Amino acid sequence: MKKQVYLSACAEYDFETVRHVLREQLDALHVQEFLFPGCRVVLKPNLVLRSKPEEGMITHPVVVAAVAVELFERGAGQVVVAESPGGPYSPPLLRSIYEAGGYTEMAKMYGFALNNDCSYAALEVPQGRRSKQFDIIRPILEADVLVNIAKLKTHGMMGLSAAVKNLFGCVPGLMKPELHCRFPEREAFAEMLVDLCCALKPSLNVVDGIVGMEGNGPTGGKPRFVGALAASRDPFALDLVCAALIHQSPVQVPYLRAGMARNVCPESVEELILLGTSLPSLSVPDFEQPESCSVNFLDWLPKFLRPLAEKIATPVPRIQQNNCVGCGKCAESCPQHTIRMVDGHATIDYRNCIRCYCCHEMCPKHVIDIKRFRLFRL
């Protein structure tokens with residue numbers, strides 16, 4: 001059976017407008033099939049850092065609130081927002097991020113809860129190819145229904161951050177860098193994401209693409225109006241559409257390519273049932289891609305030259321020393337421990353840098369750039 005994705009035009013973060021769009025999507029996707037009276041629903045947004053909604057980095061709280069209200073109306077007994085952002089997984093950090101992102105206010109207005117329980121437990125994944133076990137935050141494990149509400153963004157390592165990548169936030173705090181360290185290569189990391197997504201099995205996936213992030217996402221890019229909300233019961237199908245929206249080939253997104261190899265991801269949007277607004281009417285041809293996009297010429301080189309060429313061509317994080325405030329967030333998030341503080345500024349030892357861009361992603365001041373060797377910028 002073909003997988004369905006509902007794509008809608010939505011030009012503003014007005015609550016009633018967003019709710020009307022979502023109501024149509026949820027009805028068409030027959031969400032009543034997995035809801036039951038009194039069920040406990042957990043909403044997993046993208047709250048990677050403390051950020052204001054208008055910065056285009058986090059899932060907008062209006063989208064989350066509208067999903068919550070629609071699920072309450074369909075019989076949900078409890079709706080809880082749960083997330084593990086970058087950095088230490090702690091109640092003070094969660095409260096700070098909820099407050100900055102507008103979630104505290106929305107929760108009071110619309111009756112959903114904000115998780116502050118920072119416990120976690122192991123999830124066994126016997127069918128996993130890269131990882132047979134994940135530590136997962138407890139609210140996700142205790143949910144009757146998991147609803148994944150992502151933000152449409154570019155991503156330095158994976159190319160795209162949408163539904164599948166958003167589930168990485170179910171791994172608690174500083175255990176994320178551990179997974180980067182275990183799987184430093186893009187292909188291995190992508191296969192780990194497929195393991196995680198297939199294990200968590202979200203019942204519904206929504207992507208906030210009203211305003212996305214282009215360039216060096218998922219935190220260092222620029223807000224970009226797209227005017228789209230998309231939903232699907234399948235995260236891989238949804239991300240195929242998201243890739244097409246921002247003019248990325250699905251084979252250039254490592255986790256989509258890994259999903260195709262396992263037959264959990266369709267090979268093209270032509271294999272999907274697209275509902276709602278036509279894809280060409282919302283696509284953004286000039287959406288700025290991350291500096292870390294792969295260099296196509298590598299495919300033309302002899303195989304024995306590719307590893308060296310790829311190492312040279314892969315961009316590296318560069319710290320703006322004059323603007324570094326010495327907060328240490330980059331060193332805290334580095335899975336290889338290649339960053340240390342010298343005279344109040346962060347410095348990178350590139351000998352062991354695995355180009356995961358965690359430092360770029362977690363820098364609260366956005367003073368870590370992704371720089372390609374000058375030759376490959378021509």
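1. Thr219 sits in the loop that joins strand E9 (204–214) to strand E10 (222–232). Helices (H or I, at least four residues) and strands (E, at least two) are DSSP runs, numbered from the N terminus. This is a predicted model: local features need pLDDT of at least 70, side-chain atom pairs count only at pLDDT 80 or more, and totals for chains, interfaces and linings use all residues. Residues are numbered from 1 along each chain as its sequence is written, and side-chain values use heavy atoms, without hydrogens and water.

2. Is Thr219 buried or exposed? Thr219 is buried, at a relative accessible area of 2%. Buried means under 20% relative accessible area, exposed over 50%, and partly exposed in between (1.4 Å probe, protein chains only). Leaving out residues up to four places away in sequence, Thr219 touches Val48, Leu49, Met57, Met213, His360, Glu361, Met362 and His366; contact means heavy atoms within 4.5 Å. A polar atom of the Thr219 side chain lies 3.4 Å from the backbone oxygen of His360.

3. Helix H4 (residues 103–110) has Tyr103, Met106 and Ala107 as its buried residues. Seen down the axis of H4, these fall within an arc of 105°, so they line one face of the helix. The arc is that of the directions from the helix axis to the C-beta atoms. Glu105 and Lys108, on the other side of H4, are exposed.

4. What covers the buried residues of H4? The cover includes helix H2 (61–73), strand E3 (78–81), helix H3 (91–100) and strand E4 (113–114). Gly111 follows H4 and has a positive phi, near 85°.

5. The largest nonpolar core has 116 residues. Such a core is a set of buried Ala, Val, Leu, Ile, Met, Phe, Trp, Tyr and Cys residues joined through side-chain atoms within 4.5 Å. Val41, Leu43 and Tyr255 touch the most other members. Helix H8 (residues 186–200) gives the most to this core, with 10 residues. A second, separate core of 11 residues includes Ile339, Ala346, Cys359 and Cys363.

6. Val41 is in contact with Leu35, Leu71, Ala76, Gln78, Val79, Val80, Val145 and Val147, setting aside neighbours within four places in sequence.

7. How many disulfides are there? The count is 0, where a disulfide is a pair of cysteine sulfur atoms within 2.5 Å. For Cys197, the nearest cysteine sulfur is that of Cys198, 5.7 Å away. Cys197 is buried, with a relative accessible area of 4%, whereas Cys198 is partly exposed at 23%.

Definitions and conventions:
Polar contact = N/O pair within 3.5 Å; in protein donor to acceptor, adjacent residues only side chain to side chain.
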